[in-house]
Structure formats: structure tokens, C-alpha cells
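Dear colleague,

Please find below the structure that I am passing on to you.

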Amino acid sequence: MLSAFGRLPKQQRLLITLRDVEGYEYEEIAKITGLEVNNIRVGLSRARKAARAHYLEMVDHEEH
């Protein structure tokens, strides 16, 4: 999973780190990044979806 996480763009990695690893609230992330809360939510959704896709791609490749 860390490898899949590492393939994300820098901003997506930052958002996941701040929210899912460090536990910051959306408003706190907005202050840190300068992004609007709605943009943070969308960015996190896209980052999680991309990380999942990268992970599944790697798992599928390992199985074949």
C-alpha cells in the first residue's frame, strides 16, 4: 500500500497524510494548505480512489 501511496501526486499525498494519518480536521487542513474545504474533500476522494487503483493494479500484476 505504501508503494501505491507513493505514486500519488504530492498534493494528494499531503491531503491523505494530514487527514488520514495525522487526523487533522478539514478546517485545519484548509489553514495549512490554503485550499477550500470542498476542494480538500474532493482531493481526498480522488486520492483515495487513485491509491486504491494503484494498489489493485500492483496486486493484480503480482498474481500474474
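**Packing of H3 and H4**

Helix H3 (residues 26–33) packs with H4 at an angle of about 100°, and their axes are 9 Å apart. The two helices, H3 and H4, are therefore roughly perpendicular to each other, since angles of 65 to 115 degrees are counted in that class. On the H3 side the contact is made by Tyr 26, Glu 27, Ile 29, Ala 30 and Thr 33, and on the H4 side by Val 37, Ile 40, Arg 41 and Leu 44. Sorted by class, the residues of this contact of H3 with H4 are 6 nonpolar, 1 polar and 2 charged. Please bear in mind throughout that this is a predicted model.

**Overall architecture**

The protein contains 4 helices and 0 strands, and along the sequence it reads α-α-α-α. Its C-alpha atoms fill a box of roughly 45 × 20 × 15 Å, taken along the principal axes. Of the 64 residues in the protein, 23% are buried. Among contacts between residues at least 6 apart in sequence, 52% join residues at least 24 apart.

**Helix H2 and its surroundings**

Helix H2 (residues 10–21) also packs with helix H4 (residues 37–63), at an angle of about 100° and with the axes 9 Å apart. H2 and H4 are therefore roughly perpendicular to each other. Here Gln 12, Leu 15, Ile 16, Arg 19 and Asp 20 of H2 meet Ile 40, Gly 43, Leu 44, Arg 46, Ala 47, Arg 48 and Ala 50 of H4. The residues of the contact of H2 with H4 comprise 6 nonpolar, 2 polar and 4 charged.

Four residues may be named as buried in H2: Gln 12, Leu 15, Ile 16 and Leu 18. The elements that cover the buried residues of H2 include helix H1 (2–6), H3 and H4. After H2 comes Gly 23, whose phi is positive, near 80°.

**The ring of Tyr 26**

Arg 19 lies over the face of Tyr 26, at 4.1 Å from the ring centre. The charged end of Arg 41 also sits over the ring of Tyr 26, 4.1 Å from its centre. As for aromatic pairs, a search of the whole structure finds 0.

**Two further residues of H4**

His 54 is found in helix H4. Is His 54 buried or exposed? With a relative accessibility of 18%, His 54 counts as buried, because the class takes in values under 20%. Leaving aside neighbours within four places in sequence, His 54 is in contact with Ala 4, Arg 7 and Leu 8.

Arg 52 lies in helix H4 as well. Its relative accessibility is 56%, so Arg 52 counts as exposed. Arg 52 and Gln 12 are 40 residues apart in sequence, and their C-alpha atoms are 13 Å apart in space. Gln 12 is among the buried residues of H2.

With kind regards

Conventions: Residues numbered from 1 in each chain as written. Predicted model: local features only at pLDDT ≥ 70, side-chain atom pairs only at ≥ 80, totals over all residues. Heavy atoms only, no water. Axes fitted to C-alpha atoms, helices over the stretch in contact; angles between N-to-C directions. Parallel < 35°, antiparallel > 145°, perpendicular 65-115°, else oblique. Contact = heavy atoms within 4.5 Å. Nonpolar A, V, L, I, M, F, W, Y, C, P; charged D, E, K, R; others polar. Phe/Tyr/Trp six-rings, centres within 6.5 Å; stacked < 30°, edge-to-face > 60°. Lys NZ or Arg CZ within 6 Å of the ring centre and 35° of its normal. Buried < 20%, exposed > 50% of the residue type's maximum accessible area, 1.4 Å probe, protein only.
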